[in-house]
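Hello,

Here is the structure I promised to pass on. Please open it alongside this note, and my findings follow below.

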Amino acid sequence: MQMVFGLVALTLGAAWATEPTWPGFRGPEANPAVPNGSLPEKWSKTENVEWAAEIPGRGWSSPIVYEHRVFLTTVVTEGKSKPPQMGTEYSNEYVAELVKQGLSEREVLERVTARDIELPKEVSLHYYLYCLDIRTGKTIWKEEFYSGQPPGGRHRKNSFASETPVTDGKLIYVYVANLGIYAYDMKGTLAWHTPLEPYPIYLDFGTGASPVLFGDRLLIVNDNEKQQFIAAFDTKTGKPLWRTNRHLAAKGDGPQQQSGWVTPFVWKNPQRTEVVTVGPGVAVSYDGAGKELWRLSGMAATPIPSPFAYEGLLYVNGGRGKPLFAIRPGAAGDLTPGDDGKVSEFVAWSQPHGGTYLPTEVAYDGALYSLSETGILSRFDAKTGKPTYRTRIDAGGAFTSSPWAYNGNVFCLSEEGKTFVIAAGEKFQLVRVNALDEMAQATPAIVGDRLLLRTESRLYSIRNSE
């Protein structure tokens with residue numbers, strides 16, 4: 001009997017030591033797809049819910065996990081806050097309505113700002129970092145890292161806590177672009193804080209690009225209306241290590257804004273490790289010291305989806321109406337196709353209109369599944385870019401969260417809190433719809449046999465009950 005208990009203890013100890021982690025935005029590979037396992041495929045507000053934790057305030061950041069701790073940011077507003085609205089066209093529709101009424105450009109901007117933008121002078125905020133127990137959902141600790149008026153505003157579609165933290169297992173790094181960086185240890189003690197200048201964002205839309213780790217360096221990209229840059233900070237002290245300014249904008253007749261919301265990607269490939277970024281109009285890759293390696297024009301003016309790698313290729317989403325690119329390792333210089341149509345040898349393939357506005361595509365089982373903000377799902381062969389289908393999964397639905405995949409299925413979470421479960425494969429097949437009946441914009445975390453899914457007011461641990 002003692003031997004049996006000893007073996008059980010050893011087994012549990014080994015399992016605990018190898019507790020899976022989800023260290024940052026979109027997971028350890030920046031591609032939320034995992035091998036088959038005992039993960040849930042069906043849930044509701046009551047079915048297969050291990051726990052549901054109430055999270056005060058609002059934040060569209062994703063949960064991250066280290067061992068048995070879940071970390072999450074949120075912002076609580078004193079008094080009223082402008083509520084989020086589903087979809088992406090309501091501000092544009094309001095503009096069109098006001099223009100029809102004969103209002104001047106200044107009057108239109110004032111009206112839209114009053115209805116859809118929350119300005120710093122209008123609110124007083126409390127920013128929190130939560131630490132929850134992954135087994136129970138109970139709060140282990142919470143720390144307020146800033147209070148007062150925010151340095152910048154937000155579009156009501158956005159939140160004041162949209163950047164996802166990142167952890168190396170020693171510290172949790174919380175980045176809010178117009179506030180700075182805060183590093184907490186696992187017990188909730190502030191290790192260091194590096195303030196950053198509050199750069200203006202286009203029309204006060206708010207911020208959203210998350211930080212990433214590159215060894216003992218924390219990297220951020222800040223594309224704004226004053227001075228765009230990428231920078232590295234020492235993870236132990238928060239001291240700046242290097243900063244590279246950049247000047248990017250999309251070509252065209254539209255507004256030449258310089259703001260962006262793309263999380264950078266650290267690409268470890270056989271040739272080298274590089275940092276891939278997507279800014280307004282241009283994707284740029286840097287080495288570990290901030291020196292440019294290559295660039296590729298043709299991105300949207302308002303970039304949001306993140307780059308990532310899968311089976312040897314880098315995928316760069318150009319944004320709504322723009323191409324989806326697959327890049328080979330080892331690139332240098334300008335990869336932009338010339339006027340003669342000649343394509344660089346490092347561009348494996350491109351799909352002219354494969355880009356999306358809000359969600360980032362997921363790579364799974366040899367294919368890319370790309371989701372538009374209006375619910376159109378497209379499947380491409382990951383190696384060749386060949387399209388296999390394009391279909392709408394929900395008439396009238398709106399999508400911000402990026403799709404994820406496991407157990408032979410692709411999951412698409414709508415802003416209404418409905419998760420559409422689609423069978424992976426060359427033929428579109430809707431398996432089921434799982435409803436939580438609350439607005440959702442955050443991309444979930446996949447940890448062991450749990451799915452951590454954030455809605456506007458709760459964090460759910462979805463887990464097979466048996």
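A charge is said to sit over a ring if NZ of Lys or CZ of Arg is within 6 Å of the ring centre and within 35 degrees of the ring normal. By that rule, the charged end of Arg243 sits over the ring of Phe229, 3.9 Å from its centre. Arg115 does likewise with Tyr94, its charged end lying 4.0 Å from the ring centre.

Before you go further, a word on the basis: this is a predicted model, where local features need pLDDT of at least 70 and side-chain atom pairs count only at pLDDT 80 or more, while totals for chains, interfaces and linings use all residues. Residues are numbered from 1 along each chain as its sequence is written, and side-chain values use heavy atoms, with hydrogens and water left out.

Next, the aromatic rings. Rings of Phe, Tyr and Trp (its six-membered ring) pair if their centres lie within 6.5 Å; planes under 30 degrees apart count as stacked, over 60 as edge-to-face and the rest as tilted. The structure holds 16 such aromatic pairs. One of them joins Phe145 and Tyr182, with centres 4.8 Å apart and planes at 50°, so this pair is tilted. It links distant parts of the chain, since Phe145 is in strand β6 (residues 139–148) and Tyr182 in strand β10 (residues 180–185), 37 residues apart. Strands here (E, at least two residues) and helices (H or I, at least four) are DSSP runs, numbered from the N terminus. Both Phe145 and Tyr182 are buried, meaning under 20% relative accessible area, against over 50% for exposed and in between for partly exposed (1.4 Å probe, protein chains only).

Tyr315 and Trp349 form another tilted pair, 6.0 Å centre to centre with 50° between the planes. Tyr315 belongs to strand β21 (residues 313–317) and Trp349 to strand β24 (residues 347–351), 34 residues apart. Tyr315 and Trp349 are buried too. Ring pairs also link Trp43, Trp404, Tyr406 and Phe411 into a cluster.

Two loop residues may interest you as well. Lys157, in the loop between β7 (154–155) and β8 (166–167), is buried because its relative accessible area is 13%. Leaving aside residues up to four places away in sequence, its contacts (heavy atoms within 4.5 Å) include Trp60, Tyr90 and Glu415. Leu103, in the loop between α2 (90–100) and α3 (105–116), is buried at a relative accessible area of 18%.

Best wishes
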